[in-house]
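Grab a pencil and open your viewer. Have a go at each task before you read its solution.

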Amino acid sequence: MESATGSSASTELAAALHRLRSTLARLKAELELAEVDGTTPPTDRLLADLDEAFALLSAAETASQIRAQVLVVDDDARLAEITARGLRRLGFEADSSSTLRPLRASEVLVFDLSLFPGLDAAGKKAVREARPIVVTGATDSASHALASSIEASDYLVKPIELNELAAAINRRMEEA
């Protein structure tokens, strides 16, 4: 299921790529006609077409770089904010919290497993439905079993590498 933001981004990207293809086709046709006729195409028109093509390429690149919204929930608020800040540097829209809050549509949950037992029934249900990326310092079989029971999409052991977390978020977004 694609969010309104994802759908809008896909539409913007498709439109920008279509306009780029049209502009490049027009430029190619002008150059081919000039070659057949043995004439020199007007430089100002070719430059204008190239400028337009570069602007459209930029728009397509911008539309394709829209990233996931992420909520990082950790019992250590400082660590949650450091993680969210790192994700923002990587281009994600990331918030942090030391408590679970209602998730926005298509928001990816990065969740410290140690918080799960303290949640009420509604919170536990929300975490299960989110299929979170679990981050934890625990490597024991009980923690793995708990992560499996909440249908975690990934299990990362602290300290986590931001690139590893970003890859897990991207995998989670592809699942959605």
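Below are two exercises with worked solutions.

Some ground rules: this is a predicted model, where local features need pLDDT of at least 70, side-chain atom pairs count only at pLDDT 80 or more, and totals for chains, interfaces and linings use all residues. Residues are numbered from 1 along each chain as its sequence is written, and side-chain values use heavy atoms, with hydrogens and water left out.

**Exercise 1.** Work out the strand order of the open sheet, and find which strands stand at the edges.

*Solution.* Start with the terms: strands are DSSP runs (E, at least two residues), numbered from the N terminus, and two of them pair if DSSP finds at least two bridges between them. Next, trace the five strands: the order is 2-1-3-4-5, with parallel pairing. Strand 2 (93-97) and strand 5 (154-157) each have a single partner strand, so they are the edges.

**Exercise 2.** Find the salt-bridge partner of Asp 74 and say whether each side chain is buried or exposed.

*Solution.* First, look for a Lys or Arg side-chain nitrogen within 4 Å of a carboxyl oxygen of Asp or Glu, which is what counts as a salt bridge. The partner is Lys 158, with the closest N and O atoms 2.8 Å apart. Then place them: the two are 84 residues apart, Asp 74 in the loop between strand 1 (69-73) and helix 3 (77-89), Lys 158 in the loop between strand 5 and helix 6 (162-175). (Helices are H or I runs of at least four residues.) Last, accessibility: buried is under 20% relative accessible area, exposed over 50%, partly exposed in between, with a 1.4 Å probe and protein chains only. Asp 74 has 3% and is therefore buried, while Lys 158, at 27%, is partly exposed.
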